[in-house]
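Please consult the sequence and the structure shown here alongside the text.

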Amino acid sequence: MQVFFSSLFELESFSHRLKSIPQSNACQFCLKNCEWVSHGYVYKQLNYQFRAIVGKRILCSNRGSHLGCGRTRQLYLDVVLPHKHYPLQTLLAFVIALFDGLPISKAWHGAVGHHRTEPRQAWRWLNSLMSKLANIRSLLQRTCQPCSPFNSRRLALLLPTLQALFASQPHLQRIQSRLQMSLLA
Ligand SMILES: [Zn+2]
């Protein structure tokens, strides 16, 4: 099922067409594609006062005359990293700083724009990207160069693949909706 959308307009029009979406968008649990109903927005709290819409929830309805299974799915704007605090833009800035050879902690602080948090999260992101590596490689036409200027083994494995992936994208900010894949596991 399409999970990432490049705009709220696109997400809204998809959710308004839920009754007529093709079989490829069927529920993964009960395989029905005609029982989806909109089930509210997904918000992200920006500060104590404001929250932004970052996605929409849909329900495979089992209420009334519906014959679905009652499970929900979340659909997201592609600028969002699902279940993560930071947006895609921060992750892209972090990875691009690593391409430029910055140390991990410096790349992290530059990407988040402050020094208030420990760069432990950066290692979590690297682990998460590593677990996506096979997935990303399968998307790429060409195999990545085995030699790499990055001296840590993990970065030497990861960064050339991400460089090839980023180079294949005309609009990096749209990468998640174009691939229909979250960059982080
Ligand atoms: Zn279902």
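## Basis of the description

The model is predicted; local features need pLDDT of at least 70, side-chain atom pairs count only at pLDDT 80 or more, and totals for chains, interfaces and linings use all residues. Residues are numbered from 1 along each chain as its sequence is written.

## Overall architecture

The protein chain contains seven helices and four strands (DSSP runs numbered from the N terminus, with H or I of at least four residues for helices and E of at least two for strands). From the N terminus on, their order is β-α-β-β-β-α-α-α-α-α-α. Along the principal axes, the C-alpha atoms fill a box of roughly 60 × 45 × 25 Å.

Among contacts between residues at least 6 apart in sequence, 47% join residues at least 24 apart; two residues are in contact if their C-beta atoms, placed from the backbone, lie within 7 Å.

## Nonpolar cores

A nonpolar core is a set of buried Ala, Val, Leu, Ile, Met, Phe, Trp, Tyr and Cys residues joined through C-beta atoms within 7 Å. The largest has 15 residues, of which Phe 5, Leu 75, Tyr 76, Leu 77 and Val 80 touch the most other members. Strand 1 (4–5), strand 3 (51–60) and strand 4 (72–77) each supply at least two residues of this core.

Leaving aside neighbours within four places in sequence, Leu 77 is in contact with Phe 5, Leu 8, Leu 11, Val 54 and Gly 55. A second, separate core has 14 residues, including Ala 107, Ala 111, Ala 122 and Leu 162.

## Helix 2 and helix 6

The axes of helix 2 (residues 88–99) and helix 6 (residues 153–167) come within 10 Å and cross at roughly 110°; axes are lines fitted to C-alpha atoms over the stretch in contact, and angles run from 0 to 180 degrees between N-to-C directions. Helix 2 is therefore roughly perpendicular to helix 6 (65 to 115 degrees).

In this contact, Val 95, Leu 98 and Phe 99 of helix 2 meet Leu 155, Leu 159, Leu 162 and Gln 163 of helix 6. Pro 160 also lies in helix 6. Pro 160 is partly exposed, because 19 other C-beta atoms lie within 10 Å. The C-alpha atoms of Pro 160 and Phe 99, 61 residues apart along the chain, are separated by 8.5 Å.

How values were computed:
Parallel < 35°, antiparallel > 145°, perpendicular 65-115°, else oblique. Buried ≥ 20, exposed ≤ 12 C-beta atoms within 10 Å, placed from the backbone.
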